[in-house]
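Try each task before reading its solution.

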Amino acid sequence: MPSVALDGEPVPRTGDLPAHSLAELGDRPLGFYVHVPFCVTRCGYCDFNTYTADELVSRDGTATASRETYAEQAVAEIETADRVLAGDRPRVSTVFVGGGTPTLLSAEDLGRIVSAIGDRFGFAPDAEITTEANPETVTPDYLRRLRRAGFTRVSFGMQSARPHVLRVLERGHTPGRPEQCVTWAREAGFDHVNLDLIYGTPGESDEDWAASLEAAIGAGPDHVSAYSLIVEEGTRLAARVRRGELTEPDDDAMADRYLMADEALASAGYTPYEVSNWARTEEGRSAHNLLYWTGGHWWGVGPGAHSHVGGTRWWNVKHPAAYAARLAAGETPAQAREILTDAERRFERILLELRVESGCPLELLDAHGLAAAERLVVDGLLDPRAHAEGRAVLTRRGRLLADAVVRDLT
């Protein structure tokens with residue numbers, strides 16, 4: 001959950017949504033994102049809305065927010081969602097708990113939040129319930145308790161298998177721990193396990209990246225995510241790059257690392273169903289992320305969390321203390337919102353659907369976009385067979401240049 005503040009129009013104190021947005025609720029799946037904003041330490045590359053314990057203490061030494069009361073606050077927002085989304089609505093298809101470090105909360109508190117969603121909205125029969133996890137914050141017992149609490153999928157932040165790369169990222173876990181966590185998760189009864197990787201860290205070599213891929217694949221998850229490092233302004237990593245202590249990631253090296261990942265994962269039986277995500281089976285794909293990419297509705301719970309229902313997008317106040325105060329006063333924690341125009345919604349459909357394996361329908365494109373699509377087929381960035389069948393689908397080379405392809409099509 002990025003920490004950048006956005007402008008928008010005021011939200012009613014009740015959090016009520018426009019009637020036209022509520023009217024769309026029954027048309028597409030509904031998911032929940034739950035943001036847990038707590039971390040033991042802040043990683044040097046992280047620009048997410050997270051807080052360490054020291055950052056949640058006032059000048060007089062009292063805590064302004066705490067992990068111990070967070071589940072209660074999340075449940076209060078879920079109750080708000082239940083009221084606002086009253087009427088014809090689908091059962092919840094997906095829940096994704098992210099952060100921050102969700103596993104700093106007890107498994108029982110995480111389960112309490114999930115149960116609150118299920119009690120008020122009901123779960124679809126095949127609902128996917130995921131939590132992110134820092135490898136150093138879980139044990140075999142904790143993972144068993146998570147599974148008993150209703151979680152069906154767990155995603156571990158691995159990033160790299162090389163100690164010097166982890167040090168640059170300021171990641172707190174030791175090499176080998178994420179792989180051990182995959183084994184523990186399997187023993188706890190999780191059928192679906194993801195490992196997150198990052199490539200392009202300053203000082204990382206091709207050999208380092210190959211070793212990370214080998215370790216991740218060898219651990220046996222059914223899903224792997226691999227993201228290029230982005231040096232975000234305001235982070236410690238950006239400051240080190242600016243001072244010349246570290247070199248900025250090189251675009252050509254990033255492209256090479258992506259191709260290395262795609263080749264290694266494909267050889268191991270993983271399919272790239274989205275630009276940065278590979279799964280061994282269709283069941284192993286992230287249903288929650290697919291909900292985002294294919295235009296589903298979702299409610300974001302927690303400080304700084306974003307939501308989208310029927311063309312209305314809103315975001316909560318960022319600080320945990322402000323979030324708690326709003327809920328205690330019986331008000332929505334939403335800070336601002338925007339109501340998307342038809343043109344904006346069409347652009348976002350193209351932007352997101354193009355990233356997935358099935359691509360986006362050509363009928364979404366205007367005359368300029370259709371002409372561009374024909375050129376992109378000739379240039380080898382869009383698949384010619386899919387184009388002939390009425391869809392824009394990225395080739396492997398197109399995945400490398402996905403942002404440029406979107407600009408051409410829109």
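Two strands count as paired if DSSP finds at least two bridges between them. Keep that in mind for the opening exercise, and note that this is a predicted model.

**Exercise 1. Find which strands pair with β5, and in what sense.**

Step 1: Locate β5, which spans residues 192-199.
Step 2: Look at strand β4 (residues 153-159); β4 and β5 pair in the parallel sense over six bridges. For a landmark, take S155, whose bridge partner in β5 is N194.
Step 3: Turn to strand β6 (residues 223-228), which also pairs with β5 in the parallel sense, over six bridges. Here D196 has S225 of β6 as its bridge partner.

**Exercise 2. Decide whether β5 is mostly covered or mostly open.**

Step 1: Recall that a residue is buried when its relative accessible area is under 20%.
Step 2: Seven of the eight residues of β5 are buried, so by that cut-off the strand is mostly covered.

**Exercise 3. Classify T137 and D256 as buried, partly exposed or exposed.**

Step 1: Partly exposed covers the range between the buried limit of 20% and the exposed limit of 50%.
Step 2: T137, in the loop between β3 (123-133) and α4 (140-148), has 22% relative accessibility, so T137 is partly exposed.
Step 3: D256, in helix α9 (residues 251-267), has a relative accessible area of 43%, so D256 is partly exposed too.

**Exercise 4. Name the residues that form a negative surface patch with D256.**

Step 1: The patch consists of E233, E248, D250, D251, D252 and D256.
Step 2: To place E248 relative to T137, compare their C-alpha atoms: they are separated by 31 Å, with the residues 111 apart along the chain.

Definitions and conventions: Residues are numbered from 1 along each chain as its sequence is written. This is a predicted model: local features need pLDDT of at least 70, side-chain atom pairs count only at pLDDT 80 or more; totals for chains, interfaces and linings use all residues. Side-chain values use heavy atoms; hydrogens and water are left out. Patches are made of residues with over 30% relative accessible area and no salt bridge: like charges are joined within 9 Å, nonpolar side chains (Val, Leu, Ile, Met, Phe, Trp, Tyr) within 5 Å. Accessible areas come from the Shrake-Rupley method with a 1.4 Å probe; for residues, only the protein chains shown count as cover. A salt bridge is a side-chain nitrogen of Lys or Arg within 4 Å of a carboxyl oxygen of Asp or Glu. Lys and Arg count as positive and Asp and Glu as negative; His and the chain ends are not counted. The place of a charge is taken as NZ of Lys, CZ of Arg, CG of Asp or CD of Glu. Helices (H or I, at least four residues) and strands (E, at least two) are DSSP runs, numbered from the N terminus. Buried means under 20% relative accessible area, exposed over 50%, partly exposed in between (1.4 Å probe, protein chains only).
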